[in-house]
Amino acid sequence: MTLSVLIPSPRRQHGSPRGRYKMVPLPEPPENHVAHRAAVLALHNALCTLRQHPDQAPLARTALRRCEEELGTATAHGPLTLGLRLTAVQLGAEDVLTFAANDAPFGLLRLAGIGQVVLSKNFAAENVPPLVQSLVKVTDEASAERWVRDQSLSGVLLRAATLDGTTPDEACSEWARLAIAEPTSEIVSALIARDQASNLPALAAQQCLLDLDRECIDHDTTLARLLARMLERRDLATASWLLAEVDHHEGVAPSTRRLLHQQAIDRADNAWLQHHLDHGTRDELMNLTAFVMQLGERAAERFADLVAAASHPFSRWLSGLLGHQNRQ
């Protein structure tokens with residue numbers, strides 16, 4: 001049935017009311033909206049039935065058969081997209097099924113980052129029982145994350161929520177397809193392991209600090225050599241981390257702290273700082289500034305003077321960071 005309304009017609013401004021208005025049909029509801037709504041409710045009923053009556057096979061068969069029929073009708077002309085908002089399953093911008101934030105399964109899936117569950121066109125009846133049975137197993141956050149990670153159901157596509165929206169006005173949220181985990185080859189695994197272990201000075205320093213609790217190493221010599229290696233590699237981020245760690249580690253003697261700090265100060269002379277200032281990227285300059293901040297007020301003042309004299313493109317930014325350091 002098509003509904004119509006009367007709106008003013010610009011062609012005739014005088015005369016009878018019928019002459020001043022024309023009939024304009026109202027937009028019809030989205031195609032298959034009724035079928036889509038029935039499918040969502042049938043899916044919800046099947047989930048509730050299997051969850052509440054796990055031992056009643058006849059009830060389960062009836063609920064699953066109804067769900068198969070409704071999903072088949074709803075996807076006959078195109079996919080069915082279930083939008084998961086923070087507290088509702090939506091068809092377009094309409095809330096069809098509401099739930100609490102931690103309700104199973106849809107609330108938990110939303111917490112796990114799912115924004116849309118899309119069932120493909122002509123969703124097969126044989127795919128319905130595996131879908132329902134897998135969703136019944138989503139009972140907490142861990143199982144929801146596992147369902148998302150291991151999801152391999154035929155005809156089911158997941159999209160992640162990239163913008164949190166809580167009102168229908170925010171229905172324009174962007175969506176991104178979730179990456180599908182694929183088997184990793186032995187060659188790729190070896191490359192990843194190599195990259196993770198490539199920063200050997202950092203790994204050695206971590207082990208060194210752990211061993212300090214057992215007092216089984218010559219920490220003065222070991223840590224000094226590791227710091228020298230980090231500075232040779234220009235790995236200032238790790239060097240800053242090491243200086244901060246020795247400042248707060250109870251197993252590091254005061255003499256070791258002084259030794260490492262003096263070693264870093266000696267390396268960070270004006271020529272060394274100027275070289276990094278002239279050739280460093282923005283990220284490298286940020287690491288350099290963090291490193292200098294570990295060396296005390298005098299080193300920070302020297303670096304601030306070099307920054308100001310160089311008229312560097314990042315001078316104001318670096319001076320702001322160093323000024324903050326000097327006010328501490």
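**Figure 1. The whole protein, shown as a predicted model.** Residues are numbered from 1 along each chain as its sequence is written, and side-chain values use heavy atoms, with hydrogens and water left out. In this predicted model, local features need pLDDT of at least 70 and side-chain atom pairs count only at pLDDT 80 or more, while totals for chains, interfaces and linings use all residues. The secondary structure comes to 15 helices and 8 strands. Helices (H or I, at least four residues) and strands (E, at least two) are DSSP runs, numbered from the N terminus. The protein has 328 residues, of which 37% count as buried. Buried means under 20% relative accessible area, exposed means over 50%, and partly exposed lies in between (1.4 Å probe, protein chains only). Among contacts between residues at least 6 apart in sequence, 62% join residues at least 24 apart, where contact means heavy atoms within 4.5 Å.

**Figure 2. L135 and its contacts.** Is L135 buried or exposed? With a relative accessible area of 4%, L135 is buried. Leaving aside neighbours within four places in sequence, L135 is in contact with L47, P105, L109 and W147. L135 and L109 are 26 residues apart in sequence, and their C-alpha atoms are 9.6 Å apart in space. P105 sits in the loop between β5 and α4, and a cis peptide bond with omega of about -10° joins A104 to P105.

Figure 3. A search of the whole structure finds 1 cavity of 30 Å³ or more. A cavity is a set of points, on a 1 Å grid over the protein atoms alone, where a 1.4 Å probe fits but cannot get out; lining residues have an atom within 4 Å of a point. Grid points are joined across faces, edges and corners, and a volume is the space filled by probe spheres set on the points. The largest cavity holds about 40 Å³ of space. Its lining consists of L43, L82, F106, L109, V117, L119, L131, L135 and W147. At least two lining residues come from each of α4 (106-111), β6 (114-119) and α5 (128-136).

**Figure 4. The aromatic pair F99 and F106.** The whole structure contains 2 aromatic pairs. The ring centres of F99 and F106 are 6.5 Å apart and the planes stand at 35°, so this pair is tilted. Rings of Phe, Tyr and Trp (its six-membered ring) pair if their centres lie within 6.5 Å; planes under 30 degrees apart count as stacked, over 60 as edge-to-face and the rest as tilted. Both F99 and F106 are buried.

**Figure 5. Strand β6 and its partners.** In β6, 6 of its 6 residues are buried. Strand β3 (residues 80-84) runs antiparallel to β6, with 4 bridges joining them. Two strands pair if DSSP finds at least two bridges between them. G83 stands opposite Q116 in β6. Strand β7 (residues 156-161) is also antiparallel to β6, and 5 bridges join these two. Here V117 stands opposite L158 in β7.

Figure 6. Strands β4 (residues 88-91) and β5 (residues 94-98) run antiparallel and are joined by 4 bridges. A88 has T98 in β5 as its bridge partner. The hairpin has 2 residues between the strands, and G92 takes a positive phi near 70°. Positive phi is also found in residues other than glycine, including N122, with a value near 55°. N122 is in the loop between β6 and α5. R234 has a positive phi of about 60° and lies in the loop between α9 (219-232) and α10 (236-248). With a relative accessible area of 53%, R234 is exposed.

Figure 7. R65 is in helix α3 (residues 57-74) and counts as partly exposed at 45% relative accessibility. R65 and A46 are 19 residues apart in sequence and 9.0 Å apart in space, C-alpha to C-alpha. E70 lies in helix α3 and counts as buried at 16% relative accessibility. Not counting residues up to four places away in sequence, E70 touches A35, A38, A39 and A42.

Conventions: 1 Å grid on protein atoms, 1.4 Å probe; cavity = no way out; pocket = protein on both sides within 12 Å on 5 of 7 lines; lining within 4 Å.
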